[in-house]
Each structure stands twice: as C-alpha cells, then as structure tokens.
Amino acid sequence: MRQIIIIGSGPAGFTAAIYAARAGLEPLLIASSVEAGGELMKTTEVENFPGFPEGIQGPDLMTKLQEQAEKFGTEVLLDDVTSVDFSGDVKKVSTGYSGDFEAPAVIFSTGSAYRKLGLEDEERLSGRGVSWCATCDGFFFKKKTIAVIGGGDSAMEEATFLTRFADKVYLIHRKDTLRASKIMQERAFANEKIEFVFNTAVVGINGENTVESLKLENTVTGERSELPVQGLFVAIGNDPRTHLVHGQLDLTTSGTIAVAGRSSKTNIAGVFAAGDVIDDTYRQAATAAASGTVAALDAEHYLAGLAEASAIAELREAEAEIELVESLQSTRS
Ligand code: NDP
C-alpha cells in the first residue's frame, strides 16, 4: 500500500507531490496517459508564474515541476485513472493499464476540461477546422481566416498567438465587454490582424469536410449572418473534471469539488482536492500550485494523525497485555 496517491499532473498535482515527497511520503502521482502536464502543456508563454521574469513556455514549466517532484522521490505514472473508491479507510484508485493502487490518503487534482459550445457540427468538424488548442493546431491555419470565440484571457491569448499563422482572426464574443485582463485585451486590440465582433453568438458551423463558414446571431438584435472562415477556435472557459468522483465527493453549485474553508479537505476523511477542480474563480497556475501545497500539508497532517492514532492503539494493546500478565502472576502467587 502507498502512503499517498496524487491524481492529476498540473501545477496543483506536481506541487503537492513536491511537498509530499519532501515530507518523505513517497507519493505516487498518476498523470494522464495523453494529457500529462495539464492545460499548461497547451499554452505558450507563461508570463505570470513567479520566479520567471523572462517568462517561460508552459510545457517547460511543467517539465521543471515534474523534475522537481521526481528529485525528491515522487513516482510518476503515465496512465488514466478509470475509477476511484473512497468508501473505506483505505482508498482505492484503479487505472486503465497499471491495475489498482491503495493508500490512506488521496489528493484529487484533475483540473478542468475545455468547455464546448454544444453545437451539432462542433464534434463532427472537430480536428477538421474546429479546435480548442491554438498551440496544438495553429500551424495548420497558415494564411487562413479564422475565428476565436470567447471574451476571457484564453480567447485573447489564442487570438494573439494565432496571428502568427493566420492572415485574419475574428474574435467573436457574445457581449460587448470582455472578461479578459487589461493587459491581454490591450495586446489583442493593438494587433492589426484581429477584428473584434461583439454581441455575437455562433449558432452553427457550415462545412462538409472542413469548416467553411459560421452562422452568427446578434445577441442584441437577433439578426442572423454568415461569416466565411476556415477555422474556429473555441476558448470559452473550462469545466472542472469531476466525473470520477460523482456520488462520492460533494460538489459546489458551480460544479467544483467542495472543500472545507481554506483547506483542501473534502467531505471524505483522507481525500483532499486541489487546483482548478476546486476553483471557479482564480484558476491561475500560481494559485493551483498554492492549492497543491495546501493539499499536501493537509494530507501530511492527516497521515501523521493516523500514525499517532495507530501508535496509541498499539501502546494501549501493549499496556492491556502487561496488565493481563500481571494479574495472572498475582493470581498464581
Ligand atoms: P473565462 O471563464 O475567464 O472566460 C470565458 C469566456 O467565454 C467569457 O468571456 C464567457 O463569456 C465566454 N463564454 C462562456 N461560455 C460561452 C458560450 N457557451 N458561448 C459563448 N461564449 C461563452 O475562461 P478563460 O479560459 O478565458 O480563463 C480561465 C482562467 O484562466 C481565468 O482566470 C484567466 O484569467 C486564466 N487565464 C490566464 C491566462 C494568462 O494569464 N496568461 C491565459 C488564459 C487563461 P461571458 O464573459 O459573457 O461570461
């Protein structure tokens, strides 16, 4: 049996692993088989992670975090967790290829998944012009006209990045005000290749084998129009990845895992949650790392409590045996 299992390999998971490993807990960190490293693997320049004044590429940051976790004794397993059973004192984690693992403590840090528009043609044209990852697919849109949907930092970042390849990028947002931070907005506004299309929703995607145009609807007037583009990047946020723990861990109304106060404690003793999966507000690499720290410290205290409780139980057992021997001896004499 392991002492602690960490599920998820974003900044929260790896930071939890660094702390748990330094505490001598020899953590097993289960990273996904295809998405190890989390969302930062799909990002370009990260300019706001402390300690990197020149900025750092997302994948490089994740490699460094993994190296640091492994240096102190974390075992990283590239496999997918298929189910978890948190019902007993010993928690069970099952994987696709590597079998089952058990530990008294688990840190759940599975992050979040790209939100979809929910349009009929979105899935059909996925990988054929519809994408959720500019850094993965931008290269395929050299000299093309494309659209990015969303009004947050992701949309600004993706649109700006995509101008490296595309001739023209429409940034389509359902409101006339952006949610993105000022610096990201200003960067996008200053880019001549980006044209903002406000108060507009994408209500359909046309194209037989690849994206040919978008059906748009003005969210104020209801007026419909078509916009010819060869690509569509959906950047409308993320939803916490909680499907593995439905029915076991309590969720908040916004769908994140519920934790007690500022801690990482879930409704089940021994199960801790960290990172984007508990956060519907900040969702930064730095806040996820901090959240992973909290989870590792909470888990460490929990395991120390268990060790103390079992030492006390052993002591009581030993005392009871001594008492029994003494009473037998006094009866004989
Ligand atoms: P956000 O939740 O911040 O923004 C999502 C955007 O998509 C909003 O503008 C929202 O519109 C819009 N939207 C949501 N659902 C739909 C829908 N169904 N149809 C059309 N539009 C929709 O998500 P982000 O991914 O942009 O950012 C998440 C977090 O990550 C934030 O905290 C952000 O700061 C951070 N981040 C930081 C970066 C950086 O600092 N380098 C880079 C990328 C992300 P509305 O405004 O109307 O709700």
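Phe196 is buried in this predicted model, because its relative accessible area of 16% falls under the 20% cut-off. Phe198, at 27% relative accessibility, counts as partly exposed instead.

**Aromatic pairs**

- How many aromatic pairs does a search of the whole structure find? The search finds 8 of them.
- One of these is Phe196 with Phe198: the ring centres are 5.5 Å apart and the planes meet at 20°, so the pair is stacked. The reasoning is simple, because planes under 30 degrees apart count as stacked.
- Phe272 and Tyr302 also form a pair, this time edge-to-face, with 5.8 Å from centre to centre and 70° between the planes.
- This second pair links distant parts of the chain, as its members are 30 residues apart. Phe272 belongs to strand E20 (residues 271-273), while Tyr302 belongs to helix H7 (residues 285-332).
- Are Phe272 and Tyr302 buried or partly exposed? Phe272 is buried, with a relative accessible area of 2%, whereas Tyr302 is partly exposed at 22%.

**A cluster, and charges over rings**

- Four residues come together in one aromatic cluster: Phe139, Phe140, Phe161 and Phe165.
- Look for Arg22 over the face of Phe72, where it lies 5.5 Å from the ring centre.
- Lys116 lies over the face of Trp132 in turn, at 5.3 Å from the ring centre.

**Around the ligand**

- The ligand is surrounded by 20 residues, and the closest are Asn48, Asp153, Ser154, Lys175 and Arg179.
- Which helix gives the most to this shell? Helix H5 (residues 153-162) does, with 3 residues.
- Sorted by class, the shell has 9 polar, 7 charged and 4 nonpolar residues.

**Contacts with ligand oxygen atoms**

- Ser154 has a polar side-chain atom 2.5 Å from an oxygen atom of the ligand.
- Lys175 also places a polar side-chain atom by a ligand oxygen atom, at 2.9 Å.
- Gly152 takes part through its backbone: an N or O atom there lies 3.5 Å from an oxygen atom of the ligand.
- On its own, the ligand has 910 Å² of accessible area, and the protein covers 81% of that.

Technical notes. Residues are numbered from 1 along each chain as its sequence is written. This is a predicted model: local features need pLDDT of at least 70, side-chain atom pairs count only at pLDDT 80 or more; totals for chains, interfaces and linings use all residues. Side-chain values use heavy atoms; hydrogens and water are left out. Rings of Phe, Tyr and Trp (its six-membered ring) pair if their centres lie within 6.5 Å; planes under 30 degrees apart count as stacked, over 60 as edge-to-face and the rest as tilted. Buried means under 20% relative accessible area, exposed over 50%, partly exposed in between (1.4 Å probe, protein chains only). Helices (H or I, at least four residues) and strands (E, at least two) are DSSP runs, numbered from the N terminus. A charge sits over a ring if NZ of Lys or CZ of Arg is within 6 Å of the ring centre and within 35 degrees of the ring normal. A residue is near a molecule or strand if one of its heavy atoms lies within 4 Å of it. A polar contact is a pair of N or O atoms within 3.5 Å; within protein, one must be able to donate a hydrogen and the other to accept it, and residues adjacent in sequence count only if both atoms are side-chain atoms. Accessible areas come from the Shrake-Rupley method with a 1.4 Å probe; for residues, only the protein chains shown count as cover. Ala, Val, Leu, Ile, Met, Phe, Trp, Tyr, Cys and Pro count as nonpolar, Asp, Glu, Lys and Arg as charged, and the others, Gly among them, as polar.
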